[in-house]
Amino acid sequence: MIYTDHIDSLRAAIAECGREVAVVAAVKMQTKDTIDELMRIAPDFLLGENRVQEFTAVYDPAYRWHFIGQLQTNKVKYIIDKVELIHSLDRDDLAREIEKQASKHDKVQDCLIEVNMGSEISKGGVAPDEVDGFLKSLAVYPHIRVRGLMSVLPNLGDCDELRSMYRMLKTVYDRAAEIEQSNSEFAYLSAGMSNDFRIALECGANMIRPGRALFGERIYPQSAI
């Protein structure tokens, strides 16, 4: 089910922030029919999937796809020729595999560096103070182009602590942008999901990844719980 009133509310929030913002609809657990319906209603949206197996099951080359979840090195080959942007580049072995697979397709793969702002063990991402060094290390890979940063912040609700973390993320992004000042393609700060995209927009994000705000609560199969 698509919540068209929620889409209207999301578009209004974007309009209020006064800048261009890309919407990556997080389609985790959604059917192909639901995805097709969303694309009819909001053809300007991008599509983001968290898991490779689910991605390959619903992939349609007619749409623009991003991979927004944690990516295992042995799964890169299944998505490398299908996604515009990988949001979760966060370690050397993954960079090497993306380089290897992208070179096979004679493709320069656009990626975002994932930043772990909350130091959460359960989440991937580079520590904020290690972003600059990791970014510089990627210069040796001719088939990887870094387009910006991504982060999944802790689910804290609308509070000062979360705003402070988002502002810190923007500072990390601005510092990385200075390092990449010769790279005109470094342009995205992907942050903010259904519960916090308004705060993310307030603090400088220009790419958001709503899911429940578009589709309602996900119903997980028993085997996935």
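## Asp-196 and its surroundings

The side chain of Asp-196 makes a polar contact of 2.7 Å with the side chain of Tyr-166 (a pair of N or O atoms within 3.5 Å, where within protein one must be able to donate a hydrogen and the other to accept it, and residues adjacent in sequence count only if both atoms are side-chain atoms). The model is predicted, and local features need pLDDT of at least 70, side-chain atom pairs count only at pLDDT 80 or more, and totals for chains, interfaces and linings use all residues. Residues are numbered from 1 along each chain as its sequence is written, and side-chain values use heavy atoms, with hydrogens and water left out.

Asp-196 lies in the loop between strand 7 (188–191) and helix 8 (197–202); helices (H or I, at least four residues) and strands (E, at least two) are DSSP runs, numbered from the N terminus. Leaving aside residues up to four places away in sequence, Asp-196 touches Leu-153, Leu-162 and Tyr-166, where contact means heavy atoms within 4.5 Å.

## A buried charge without a salt bridge

Asp-196 is buried, yet has no salt bridge, and the nearest side chain of opposite charge, that of Arg-209, is 7.1 Å away. Buried means under 20% relative accessible area, exposed over 50%, and partly exposed in between (1.4 Å probe, protein chains only). A salt bridge needs a side-chain nitrogen of Lys or Arg within 4 Å of a carboxyl oxygen of Asp or Glu, and in assigning charge, Lys and Arg count as positive and Asp and Glu as negative, while His and the chain ends are not counted.

The structure holds four aromatic pairs (ring centres of Phe, Tyr and Trp, the last by its six-membered ring, within 6.5 Å; planes under 30 degrees apart are stacked, over 60 edge-to-face, the rest tilted). One of them joins Phe-55 and Tyr-59, whose ring centres are 5.3 Å apart with planes at 45 degrees, so this pair is tilted. The rings of Tyr-59 and Trp-65 are also tilted, because their planes stand at 50 degrees, with centres 6.0 Å apart.

Phe-55 is buried at 0% relative accessible area, and Trp-65 is buried at 0%, whereas Tyr-59 is partly exposed at 25%. The charged end of Lys-82 sits over the ring of Tyr-59, 5.9 Å from its centre (NZ of Lys or CZ of Arg within 6 Å of the ring centre and within 35 degrees of the ring normal).
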